[in-house]
Amino acid sequence: MSSAQDPFYIVKDEIQESIENLFITFREWERTLPSNGNHLRLANELYATCESIKWQVDELERAIDAAASDPSWYRIDEAELEQRRKWTSDAHDKVANVKKALVSAGKESNRTNSSNFAGKRRELMRMPDSTQTGRAEQYTVNDNDDYISSESDKQLLLIKQQDEELDELSASIERIGGVGLTIHEELLGQEKIIDDLGSELDSTSTRLDFVQKKVAMVMKKAGAKGQIMMICFLLVLFIVLFSLVFLT
């Protein structure tokens with residue numbers, strides 16, 4: 001099967017395009033400052049794209065394993081299978097590297113924010129408290145600090161919830177993919193059975209044609225007299241069988 005007709009290469013090209021777009025978005029995310037609102041949006045987009053590509057590569061690996069179970073049926077050799085496995089492994093590594101960078105950046109950002117918040121609290125605690133106005137300003141600053149901390153916690157919780165939703169979505173897609181792969185394998189098995197049945201029918205038809213030709217040759221050699229005698233014999237045999245079945 002040529003690469004233009006092989007479904008593997010069609011899916012491979014689509015995944016390769018997704019990986020290239022992933023790295024374009026990743027480089028844009030790296031150039032964006034953490035304080036920029038697009039930084040979090042790009043991170044969420046990268047997480048979702050990584051999960052989508054991972055699922056597609058997993059499905060492609062299942063198809064490769066199915067082909068490896070019967071290479072002659074799929075008309076594929078071991079070298080081609082090894083090349084396909086290497087490509088899927090490289091694709092997994094690329095996606096894993098992007099996801100690892102996102103996780104590391106998220107942890108570093110959390111540590112930095114926590115350190116900044118703690119430093120601000122300690123600094124505010126050391127401020128002089130000589131007048132009622134000073135105390136009011138300190139309370140206002142503390143309230144603002146608490147608000148910033150609360151908003152940061154909400155963002156972290158939102159990211160965690162999005163990760164959980166993506167995991168659930170990925171699991172659902174994997175289940176659907178497994179069902180589709182099972183149906184595909186059953187269809188291939190039924191197609192193979194139909195092909196075998198067609199081969200047997202062709203063989204039976206050939207043998208039947210051979211028998212018919214032999215009978216025609218015998219009838220031709222027997223001549224008209226022989227044919228009349230054979231017809232009479234078959235007629236007598238029919239009468240005897242009819243009598244045995246219906247009159248006894």
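The lining of the largest cavity in this predicted model comprises 3 nonpolar, 1 polar and 3 charged residues. The residues concerned are Phe8, Tyr9, Lys12, Glu80, Gln83, Arg84 and Trp87. Two elements, helix 1 and helix 4 (78-125), each give two or more residues to this lining. Helix 4 provides the largest share, with 4 residues. The volume of the largest cavity is about 40 Å³. A search of the whole structure for cavities of 30 Å³ or more finds 1. In general terms, empty space left between atoms is shown by rolling a probe the size of a water molecule over them.

Helix 1 also takes part in a contact with helix 2. Two packed helices are described by the angle between their axes and by the distance between the axes. For helix 1 (residues 7-31) and helix 2 (residues 37-69), the axes come within 10 Å and cross at roughly 160°. Angles over 145 degrees count as roughly antiparallel, and helix 1 is therefore roughly antiparallel to helix 2. The crossing of helix 1 past helix 2 is left-handed.

On the side of helix 1, the contact is made by Phe8, Val11, Ile15, Ser18, Ile19, Leu22, Thr25, Phe26, Glu28 and Trp29. Helix 2 contributes His39, Leu42, Ala43, Glu45, Leu46, Thr49, Cys50, Ile53, Gln56, Val57, Leu60 and Ile64. Sorted by class, the contact of helix 1 with helix 2 contains 15 nonpolar, 5 polar and 2 charged residues. Phe8 is listed among the residues of this contact and also among those that line the largest cavity.

Methods:
Residues numbered from 1 in each chain as written. Predicted model: local features only at pLDDT ≥ 70, side-chain atom pairs only at ≥ 80, totals over all residues. Heavy atoms only, no water. Axes fitted to C-alpha atoms, helices over the stretch in contact; angles between N-to-C directions. Parallel < 35°, antiparallel > 145°, perpendicular 65-115°, else oblique. Left-handed = near helix turned anticlockwise from the far one by under 90°. Contact = heavy atoms within 4.5 Å. Nonpolar A, V, L, I, M, F, W, Y, C, P; charged D, E, K, R; others polar. 1 Å grid on protein atoms, 1.4 Å probe; cavity = no way out; pocket = protein on both sides within 12 Å on 5 of 7 lines; lining within 4 Å. Points joined across faces, edges and corners; volume = space filled by probe spheres on them.
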